[in-house]
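Student: Could you walk me through how to read this one, feature by feature?

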Amino acid sequence: MTYTPVLDVDDVTKSYPGEPPVRALRGVTLAIGQGELVGIVGPSGSGKTTLLQLMGTLDRPTSGRVRITGLDVATMADDDVAYLRATRIGFIFQQFFLNEHATVLDNVADGLLYAGIPLRQRRQRAIDALELVGLGERRGARPTQLSGGQRQRVAIARALVGQPAIVLADEPTGNLDQATGQSILALIDQLHQAGSTIVVITHDHAIAERMTRKVEILDGHIVADTGPAAGTDLRLRPLEAS
Amino acid sequence: MTSTATLPRRRLQLSDLARLSSVGLRTRKLRAGLCALGIAIGVASIVAVLGLSASSEAGLLNEINLLGTNLLTVSNGQSFTGGTAELPTTAPAMIGRISGVQQVQTTGTVSGANAYRNPYIPSGNTNALAVQAASLDLLPVVATSVAQGRYLNAASAQEPVAVLGAAAAQRLGIVRIYPGERIWVGGQWFYVAGILRPAVLVSAIDSSVLVGYPAAEKYLGFDAHPSTIYLRARNDRVNAVDDLLAATANPENPSGVNVSQPSSALVAQADAKSALNGLFLGLGAVALLVGAVGVANIMIISVLERRSEIGLRRALGATRGDIRTQFLSEAVLLGLLGGAVGVALGAASTAVYAYTKGWATVIPTEAWAGGFAASVIIGAVAGLMPALRAARLSPTQALWAV
């Protein structure tokens, strides 16, 4: 079987209009296989957030191709790309972005809101996702009643609830203290062990070192890539019908 | 491997949309309430103005209907030469033969006779009272009744006996009937037998002093020609009878006959809208406009405040259309809330006022349905621009802009 990456970034550039134009990415090529745990590390201004936005299909590249599970984003209509995000990509943000007026359960269930799944099923799957991150008991709580680490666990559950092909995490420990950050990283590791494909964007080399693959980015270029870990099965497994 | 994907399209379910669109209302109750209040005031004033005018009209029409709309009057008009065209004495009997006519009664103005309290009143002080000969079953036909004493009967119609209309009694200063009460009519005493209640349909009766036909001929030199014929027709034959009356009453000179339907004048009066209605409707419309500006304002602020929510929803897979629909339906919901409160307030104030006036409460369909529709349309129009702005927001800007 040929190597088909879950995420395939092919010679991508991204420029923002300005005088002179800001060239955030200057030709990035990166393929991430099924089941990988990748840390993308770089200082601020290196283009790592832009890369995450392009990988997450939240923005389109100036040139080059982004393929998610083999689907070329450039050829897809906006609404199809939105559906791709709804079903195949999960996001974890530094600021959590939880809805304070909804329960933990409904926050997680909202991860499936735009995938066309009825409320009852969304809630059932949210319960499972909350069990996975160790917050099964707190499903009726409001995010404001939770600690920072618990809130990030809720956000992680929301990212995982749709069993996406890839999870993109942007500085997932950035708003947390050292110990809580470690527990979140441990959770990410545990999810990776369970088979999830996860990309963590960070400025912290120590965090990137903990991943099975470390990609360094600087001034819009990839300057180092440890490559897929030995023994990782990188073949794309058939996706579940979504 | 590159494939051009056509992924399954899906829409938000209605229940999800309802939940999403009420987020802003549930989480910011005071703001939503104040915002809806503007629309509520506008809708309430419009509903109340329309409801009050409809209720008062209904009240008046109800009163008219109780009196009967089938009363027709035939009165003598003018001849070609300008004199009075007398109705033939046979006219009442002829009219009574028209199919559909139920009752025919007459009065005849006794020319040259005036009524005074006593002989010492100067003859110029006639009080504008008319002395009229009246037929014996006049009262039910003109929808009035005796307030005191009794009406003329076959015996008293032969004698110098008078019955006073409500206004006539007042002008003569007679408030009670007691034995021997009399007035000075056409140069001789007439005993007062009774006083009538006001006749709403035929106010001419009110200012009349009624005497019997035989008495008028015997004592007052009356020529026995009726001057006004009052008749009741079957409700379904009123128009048909109306068409035949002039020719039947005076076949030789139909143009010298005036035919009228007293209730129709009152109905026209009830229909006439107060000029103030227009003013209050205008004020209501202004309040609605201000409410619309309020909704637009609140929605713009809401979109600005909820940038990160919008970005997150896009990241979770919401399309631009999903975002647009969410904010648009939130604005419509705000409008609808205002509309519902407004219709309820307007209806309640109408009901209270109508109750105190003893009218039936009438809220015209166009008032409440129009109020609802207007508030929904206002919500949609006011929410359109903010919703488009929310949908245009790029997810990266919404999520990463500081």
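We'll go from overall shape to cores, the interface and a few backbone details.

Tutor: First, the ground rules: this is a predicted model, where local features need pLDDT of at least 70, side-chain atom pairs count only at pLDDT 80 or more, and totals for chains, interfaces and linings use all residues. Residues are numbered from 1 along each chain as its sequence is written, with chains lettered from A and ligands numbered from 1 in the order in which they are written.

Student: What radius of gyration does chain B have, next to a compact globule of 402 residues?

Tutor: The radius is taken over C-alpha atoms, and the globule rule is 2.2 Å times the number of residues to the power 0.38. The rule gives a value near 21 Å, but chain B has 36 Å. Its C-alpha trace spans about 120 × 45 × 35 Å along the principal axes.

Student: Which residues have the most contacts inside the largest nonpolar core?

Tutor: The general idea is that in soluble globular proteins, nonpolar side chains tend to be buried together. A core here is a set of buried Ala, Val, Leu, Ile, Met, Phe, Trp, Tyr and Cys residues joined through C-beta atoms within 7 Å. Buried means 20 or more other C-beta atoms within 10 Å of the residue's own, exposed means 12 or fewer, and partly exposed is in between, with C-beta atoms placed from the backbone. The largest core has 121 residues, and Val108(A), Ala157(A), Val199(A), Val47(B) and Val295(B) have the most contacts inside it. Helix α3 of chain B (residues 29-67) supplies the largest share, 15 residues; helices (H or I, at least four residues) and strands (E, at least two) are DSSP runs, numbered from the N terminus.

Student: How many residues of each chain are in contact across the interface?

Tutor: Contact means C-beta atoms, placed from the backbone, within 7 Å. By that rule, 31 residues of chain A meet 26 of chain B. On the chain A side, α2(A) gives the most, with 8 residues.

Student: And the backbone: where does Ala128(B) lie, and is Ala128(B) buried or exposed?

Tutor: Ala128(B) sits in the loop between β3 (115-116) and β4 (130-134) of chain B, and its phi is near 55 degrees, a positive value in a residue other than glycine. Ala128(B) is exposed, because it has 10 other C-beta atoms within 10 Å. Ala143(B) also has a positive phi, near 55 degrees, but it counts as buried, with 21 C-beta neighbours inside 10 Å.

Conventions
Two residues are in contact if their C-beta atoms, placed from the backbone, lie within 7 Å.
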